[in-house]
Every structure is written in structure tokens, then in C-alpha cells.
Amino acid sequence: MKKTLVGLICACSVFAADAQTMCKHKNTYIASISKSTNGTSSTVTNAANKTWSATFPNYTITGNAACNEISGTANTVNTALYTTAGDQGTYCWCQMQTPLSSYWVFLDTYATDSACTSGCAGACATAIQSNATYRTAILNSIW
Amino acid sequence: MNKYILLLAGIFFCGAANASVMCSSSDYVTVVLDPYVQGTTYTYNAAAMTWTTVFPYGNVSGVAVCNDTGGSYGVASNDEQYETGGVKCWCKMTHPAVSRWVFYFSRSAASDCADGCAYDCGYHVRYDSDFRSGVFGSVAP
């Protein structure tokens with residue numbers, strides 16, 4: 001048992017004070033993400049599909065954005081949106097897809113549908129990268 | 001195994017009594033999907049082709065499809081799988097992480113697959129560590 005644990009520790013190397021990482025040891029999947037650590041960059045990976053990514057020192061978070069007519073308040077989770085988030089409206093929602101999949105978390109309200117369509121994915125990426133409060137809301141919505 | 005999990009949880013500074021595998025410390029959110037930990041219950045929705053297996057640390061859920069692409073039991077495919085109404089049952093975890101598609105079994109009729117595939121996914125993720133290994137082990141780190 002100790003050998004297994006030591007092997008897992010060595011294989012994953014997640015125990016430095018500032019480390020955040022994802023790894024697999026045999027068939028065990030481990031993901032550990034800091035709420036407070038900001039990313040270094042972010043981008044919209046596919047504007048049409050509203051997908052985004054944010055790069056952190058040791059990994060990349062990717063996810064989805066959605067605009068719909070379901071209002072929310074800042075950083076609130078909507079578990080009912082888990083499978084279908086909608087694709088038109090002024091309310092912008094973000095979801096982490098990898099390395100862990102979260103529920104949808106409300107981000108912002110836009111003045112028009114088109115403004116949300118063009119801005120929501122980028123806003124999700126920026127919020128995940130730089131807004132610790134929002135990142136915490138996403139990470140706390142995993143379960 | 002319990003000792004192993006608890007030690008691991010301790011290292012991640014996750015002290016909650018029920019947080020043996022999923023930990024949320026003051027700063028880190030840590031998820032450990034260990035195929036040797038068995039589920040406690042499962043549910044499925046045959047019409048929606050969705051399934052959920054309850055583990056001591058939280059719910060693992062996913063989707064199922066039936067097509068005519070063969071595979072080996074518990075082995076993940078590198079290819080995307082789509083619902084085409086066939087007899088081959090495939091399972092994919094979507095929460096709390098996204099796995100690849102893992103093959104379950106060939107049913108004798110397409111209707112059997114449609115009726116039973118979501119059930120099969122939830123059942124085998126709950127009970128079979130080999131099948132869980134295919135699912136948890138196919139998450140891209």
C-alpha cells in the first residue's frame with residue numbers, strides 16, 4: 001500500500017506548495033486546481049461554438065460559453081443547464097469542460113443578443129483567467 | 001484501499017470526513033477518480049441515454065449511445081461515437097471529468113441496446129472496477 005502511494009506521489013508530483021496539476025497513475029485520474037492562482041493568458045478557441053481556454057502555469061482550462069434568456073446573479077450555479085444551455089439571449093453563462101467539468105455559472109448580462117454572442121466566450125475566458133471569485137464559483141460547482 | 005485514499009486526501013489537506021476522494025480545501029479543489037472505489041447506487045434514463053452512478057465522494061454521470069462500431073469490453077476508443085441505433089453499446093463519463101467513449105457490449109437487437117445501454121453504463125461503472133478503469137483511465141490529463 002505504501003509503495004502504491006509513493007508511486008502515486010512520484011508520478012503525479014502535485015505536492016509543491018504552488019503546484020496545480022492533472023495526472024493519471026495507472027487508471028486513477030487526479031486533478032487539483034487552485035482557486036487563487038491567476039492564469040497567464042486566455043483565448044476564444046472557436047467563436048462559432050463559443051469555446052474558450054485559459055492557460056495557467058501548469059495546465060490549461062477549457063470550457064464552453066452560452067447565451068440564453070435565463071437570468072442569474074453573479075457567480076450563481078444553474079444545475080438545470082447542465083446538458084442544454086441554449087444559444088440565444090443576453091445572459092452569459094460559462095462552463096468548465098476540462099480538466100474537470102463544472103455546472104454552468106452565471107457571468108454577465110449583455111444589452112443585446114448579438115453582443116452576448118460575440119462577447120460571452122471571451123468574457124468567460126478572461127474571468128477564468130483573472131477573476132479569482134468567478135474561478136472559485138466554477139470550481140465549487142464541480143459536484 | 002481506504003487507508004490509501006485517506007492518506008492521499010490528507011496530503012491534499014482535505015479534512016472533511018466525507019471528502020475521501022473529492023476534496024475542496026481553502027484554495028485547492030482536488031478530484032481523485034480511483035477505479036478501485038465502488039459505487040453505492042446508480043440511476044439511468046433510457047430515453048435520454050444518460051446515467052449516474054453515486055460514489056461515496058459524489059456523483060459520476062455520463063451518456064450512452066448505440067451504434068454498429070465494435071470494441072472490447074471496458075476499452076476506450078480514440079474515436080468519437082455517435083448514436084445510430086445499432087446494437088453496440090458505448091458509455092462516456094461527462095461529469096466530473098470527460099472521458100473517452102468506452103465499449104460495453106453488443107446487444108442482440110437495436111431495441112435492446114436502446115432500452116438497456118444507459119442502464120448498462122451506470123451498472124458497470126458502479127460494480128466493475130475493470131470497466132471503471134476504462135472510464136476513469138481515459139480522461140485526458
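## Close-up views of a two-chain predicted model

View 1. Chain A has a mean pLDDT of 83, and 78% of its residues reach 70 or more; pLDDT is the predictor's confidence in each residue, from 0 to 100. This is a predicted model, in which local features need pLDDT of at least 70 and side-chain atom pairs count only at pLDDT 80 or more, while totals for chains, interfaces and linings use all residues. To find your way around, note that residues are numbered from 1 along each chain as its sequence is written, and that chains are lettered from A and ligands numbered from 1 in the order in which they are written. In chain A, confidence is highest in strand β4 (residues 51-55), at a mean of 97, and lowest in helix α1 (residues 2-12), at 40. Over residues 1-20 of chain A the pLDDT is below 50, and beyond near neighbours in sequence this stretch has 31 contacts in the model.

**View 2. The overall layout of the two chains.** Chain A has 3 helices and 8 strands, following the pattern α-β-β-β-β-β-β-β-β-α-α along the sequence. Chain B has 3 helices and 7 strands, arranged as α-β-β-β-β-β-β-β-α-α. Helices (H or I, at least four residues) and strands (E, at least two) are DSSP runs, numbered from the N terminus. Of the 143 residues of chain A, 42% count as buried; for the 141 residues of chain B, the figure is 50%. Buried means that 20 or more other C-beta atoms lie within 10 Å of the residue's own, exposed means 12 or fewer, and partly exposed is in between, with C-beta atoms placed from the backbone.

**View 3. The largest nonpolar core and Cys124(A).** This core has 72 residues, of which Leu107(A), Cys124(A) and Ala64(B) touch the most other members. Its largest share, 8 residues, comes from helix α2 (residues 113-130) of chain A. A nonpolar core is a set of buried Ala, Val, Leu, Ile, Met, Phe, Trp, Tyr and Cys residues joined through C-beta atoms within 7 Å. Leaving aside neighbours within four places in sequence, Cys124(A) is in contact with Trp52(A), Gly63(A), Ala65(A), Cys94(A) and Leu107(A). Two residues are in contact if their C-beta atoms, placed from the backbone, lie within 7 Å.

**View 4. Strand β8 of chain A and its partners.** Strand β7 (residues 91-98) of chain A runs antiparallel to β8(A), joined by 4 bridges, and a hairpin of 5 residues links β7(A) to β8(A). Look for Cys94(A), which stands opposite Val105(A) in β8(A). Strand β6 (residues 77-78) of chain A also pairs with β8 (residues 104-109), in the antiparallel sense over 2 bridges. Here Asn78(A) has Trp104(A) as its bridge partner in β8(A). Two strands pair if DSSP finds at least two bridges between them.

**View 5. The open sheet of chain B.** Five strands form this sheet in the order β3-β4-β5-β6-β7, with antiparallel pairing. The edge strands are β3 (41-45) and β7 of chain B, each pairing on one side only. Neighbouring strands are turned by 25° against each other on average, direction ignored. Helix α2(B) lies across β3, β4, β5, β6 and β7 of chain B, running at about 150° to β5(B). Axes are lines fitted to C-alpha atoms, for helices over the stretch in contact, and angles run from 0 to 180 degrees between N-to-C directions.

**View 6. Phe55(B) at close range.** Phe55(B) sits in strand β4 (residues 50-55) of chain B and is buried, with 21 other C-beta atoms within 10 Å. Strand β4(B) pairs with β5 (residues 58-67) of chain B in the antiparallel sense over 6 bridges, and Phe55(B) stands opposite Gly58(B) in β5(B). Beyond neighbours within four places in sequence, Phe55(B) is in contact with Val37(B), Gly39(B), Thr40(B) and Val60(B). The C-alpha atoms of Phe55(B) and Val37(B) are separated by 7.8 Å, though the residues are 18 apart along the chain.

**View 7. Helix α3 of chain B in its surroundings.** Helix α3 (residues 129-136) of chain B is largely enclosed by the rest of the structure, because 6 of its 8 residues are buried. The buried residues are Phe131(B), Arg132(B), Ser133(B), Gly134(B), Val135(B) and Phe136(B). They pack against β2 (28-34) of chain A, together with β2 (28-33), β6 (88-95), β7 (102-106) and α2 (110-127) of chain B.
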